[in-house]
Amino acid sequence: MRTIFHLDLDAFFVSVERLIDPSLNGKAVIIGADPEQGRGVVSTCSYEARKYGVHSAMPIKQAYKLCPHGIYVGGHSGEYSKFSKSVKGILEKYAPMIEQPSIDEYYMDFTGCKHMYVSYHMFAAELQKKIWIELSLPCSIGIGTNKTIAKIASDCYKPLGITYVEPGMEKYFLDPMPVETIPGVGKVMLKGLHNKGIYKIGDITGLSEEYLGTAFGKGGISLWRKAHGNGTEYLNPPTKRKSISKERTYGENVTSKKEIEKTLFNLTGKVCQLLRDKGWQSSTISIKLRYSDFVTLTRAKTVKPTDDDKTIYETAVDLFRKAYTRRVSVRLIGIHLTKFTDFAEQENLFEQEEIVRKKMLRAVTKIRDEFGYKIIHLGSK
Amino acid sequence: MKTFQPKLYIGTSGWSYKDWVPGFYPKQQCADLNWLQFYSQYFNTIEVNSTFYTYMNPKVIDVWISNTRHVDDFIFTIKLHSDFTHKRQYTSEQVKAVRFNLDMLAREERLGGILMQFPYSFDCTDANVEHVRKLAGEFAEYNKFLEVRHKSWHNKNAHSLTICTIDQPLIGEAIEFKPKAGNEIAYIRFHGRNEEAWKRSINSYGEKQLYEQQSERYKYFYSPGELSEIERGIIEVYDKVKQVFVIMNNHPTGYAVANAFELMHMLKGKYKVSMPDTIVKAFPRLKSISA
């Protein structure tokens with residue numbers, strides 16, 4: 001039996017806008033397109049605006065008709081993602097595993113953690129309070145045995161709600177709810193369900209799986225299962241990038257070793273830039289070489305973890321020279337970095353070996369001397 | 001879950017700005033309102049900029065000390081004269097003059113340290129490292145904060161001094177913001193992120209400018225999201241340091257003061273912060289955190 005939390009930030013964009021401009025507090029705030037332009041939709045709105053029937057995804061024109069006195073804001077997307085990361089930063093201190101399906105919601109797997117937190121309900125309240133104190137953002141939390149239940153639960157009472165569906169109570173919790181509560185029920189399916197007299201989730205559980213399957217196909221079967229309180233029990237943790245690679249396919253096949261090395265140099269600059277942006281170092285450097293007859297070779301070498309253009313380029317060139325043995329023109333050359341470690345070490349300024357160490361910029365200068373200035377574009381950002 | 005909290009010093013770079021009236025210093029001032037005294041009621045540190053341009057008369061230092069006498073916990077960080085950092089030519093007399101003033105503050109337990117601020121062009125070459133090493137020797141017994149702006153220093157560290165963390169617009173090979181610790185201290189300076197004005201100021205380098213033009217590149221008000229991101233970065237170094245300095249240099253119209261109060265609130269356990277009404281009036285966002 002799993003214990004999944006779903007945390008949903010209440011009217012998230014509006015909450016952030018209110019932190020930027022407190023004068024929006026207590027007012028009907030609508031974030032989305034400019035109503036004067038007449039096109040576009042509402043991305044979200046405050047609870048005050050919802051009273052007038054405005055909701056997200058509604059055409060902005062319609063929202064304006066319903067709530068002409070509302071405050072229409074374009075939104076600060078950069079701010080939203082910063083706050084979203086801050087919330088995640090808080091949750092990471094508590095949750096063994098987090099999945100973030102969108103900017104304002106988080107699934108957390110707390111299976112087996114009950115003894116640490118006394119009761120799940122109390123713990124959820126603590127989490128909610130913590131986010132409020134730290135970031136002044138309201139949220140609602142749903143707890144259930146799977147993701148679907150947790151999500152429906154978090155949506156049950158908003159804002160600042162906590163809903164715990166105890167194991168075994170899923171059916172009683174779901175039965176009286178309208179069918180559109182189930183995530184994945186869109187307009188078309190809802191119409192189909194209504195046509196068949198299915199309004200409440202309880203109406204679905206009274207029917208057979210086969211019936212739903214025949215009527216709505218795969219979506220129907222999934223709906224039937226969700227209506228019975230079944231859902232995905234395991235979270236998808238974020239997958240970390242495992243490799244960084246760049247390739248170049250020549251428009252016209254190339255035989256000049258020097259030109260291929262030049263390409264390799266450019267590609268190295270690009271992959272190293274990505275590497276440094278991530279704050280990683282790579283310890284396995286590989287090259288890929290494809291001849292014009294499509295014979296393809298890869299060669300790899302393991303080195304001390306590095307993010308230095310020079311080391312990586314020298315290793316790659318060495319691999320290339322050893323691999324390029326046939327007198328056939330080349331169609332493609334590529335570089336591939338794997339085995340990453342987070343860049344954490346700091347070098348000591350005054351240590352002798354550090355002073356002696358060749359500086360990256362010098363390497364760059366040297367190579368520029370050989371291949372010309374334009375050959376290298378030092379990454380700046 | 002509690003993280004150990006180091007001693008926090010939060011303040012601004014400089015205190016004597018006319019455009020902090022009325023946003024921080026009240027407009028209707030009584031004759032004896034002293035700006036430094038007023039400032040020190042709210043903040044526990046200040047970075048002195050004027051020492052970058054002149055060798056201060058010790059009498060001035062005396063005045064600073066007496067102006068902050070009413071607060072127990074207040075320290076100055078002195079910016080080293082440009083002869084040491086920009087011209088990089090100095091005499092032993094100049095070292096002595098600087099040390100005299102530093103010692104005056106140190107005797108009164110008012111010295112945070114010295115800030116050695118180098119220009120962007122000062123990259124990490126052997127000669128430059130050697131220059132820093134020499135300077136570190138001249139001022140061995142004080143806390144030294146080394147501000148370098150070029151990316152080539154990004155993963156460098158030293159035990160005898162603290163390399164500052166800086167937040168600046170990322171232009172060219174500028175070093176990125178990532179709080180770091182050195183000598184058990186983190187010294188974090190915020191220059192704002194006004195990229196456009198910064199670029200303009202690079203282009204007009206060397207021209208004579210008015211105060212407004214000069215300070216335009218620091219005209220930047222950090223948003224709540226940016227501050228929250230900054231807070232997370234700072235907390236990450238807590239377990240490596242005993243002291244954290246947070247210095248706001250985005251001074252135009254008092255942005256630095258407002259952001260300093262906000263960071264104070266965020267970093268000091270989200271308690272309400274004591275601040276004058278003037279700043280809340282100028283920056284209504286601060287109302288919710290004002291005690």
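Predicted model: local features only at pLDDT ≥ 70, side-chain atom pairs only at ≥ 80, totals over all residues.
Let me start with strands β1 (residues 7–13) and β2 of chain B, which run parallel and are joined by three bridges, where helices (H or I, at least four residues) and strands (E, at least two) are DSSP runs numbered from the N terminus, and where two strands pair if DSSP finds at least two bridges between them. One of the pairings links B:Thr12 with B:Ile46 in β2(B). On to strand β3 (residues 75–79) of chain B: four bridges join β2(B) to β3(B), again in the parallel sense, and here B:Glu47 has B:Thr77 as its bridge partner.

Residues are numbered from 1 along each chain as its sequence is written, and chains are lettered from A and ligands numbered from 1 in the order in which they are written.

Staying with β2(B), which spans residues 45–48, we find both faces covered, with B:Thr45 and B:Glu47 buried on one side and B:Ile46 and B:Val48 buried on the other; buried means that 20 or more other C-beta atoms, placed from the backbone, lie within 10 Å of the residue's own. Together with helix α2 (residues 58–67) and β3(B), strand β2(B) makes a right-handed β-α-β unit, right-handed in the sense that, with the strands pointing away from the viewer, the path from the first strand over the helix to the second runs clockwise.

Now to chain A, where five strands form an open sheet with mixed pairing, in the order β5-β6-β1-β7-β8. Strands β5 (97–102) and β8 (162–164) stand at the edges with a single partner strand each, so one side of each is left without a neighbour in the sheet. From one strand to the next the twist averages 15 degrees, with axes taken as lines fitted to C-alpha atoms, for helices over the stretch in contact, and angles running from 0 to 180 degrees between N-to-C directions. Strand β7 (residues 139–144) runs parallel to β8(A), with three bridges between them, and A:Ile141 is partnered there by A:Ile162. Helix α5 (residues 120–135) packs on this sheet and touches β1, β7 and β8 of chain A, its direction making about 155 degrees with that of β7(A); contact here means C-beta atoms, placed from the backbone, within 7 Å.

What is the order of the strands in the open sheet of four in chain A? The order is β9-β12-β10-β11, with antiparallel pairing, and the edge strands β9 and β11 (296–306) each pair on one side only. Strands β10(A) and β12(A) pair over 11 bridges in the antiparallel sense, and A:Leu289 stands opposite A:Ile333 in β12(A). Helix α13(A) packs on the sheet, touching β10, β11 and β12 of chain A.

Finally, helix α12 of chain A, residues 257–278, reaches 31 Å from its first C-alpha to its last, close to the 32 Å expected at 1.5 Å a residue, the expected span being 1.5 Å times one less than the number of residues. Its buried residues include A:Ile260, A:Leu264 and A:Leu267, and what covers the buried residues of α12(A) includes β9, β10, α13 and β12 of chain A. After α12(A) comes A:Gly279, whose phi is positive, near 75 degrees.

How values were computed: Buried ≥ 20, exposed ≤ 12 C-beta atoms within 10 Å, placed from the backbone. Contact = placed C-beta atoms within 7 Å.
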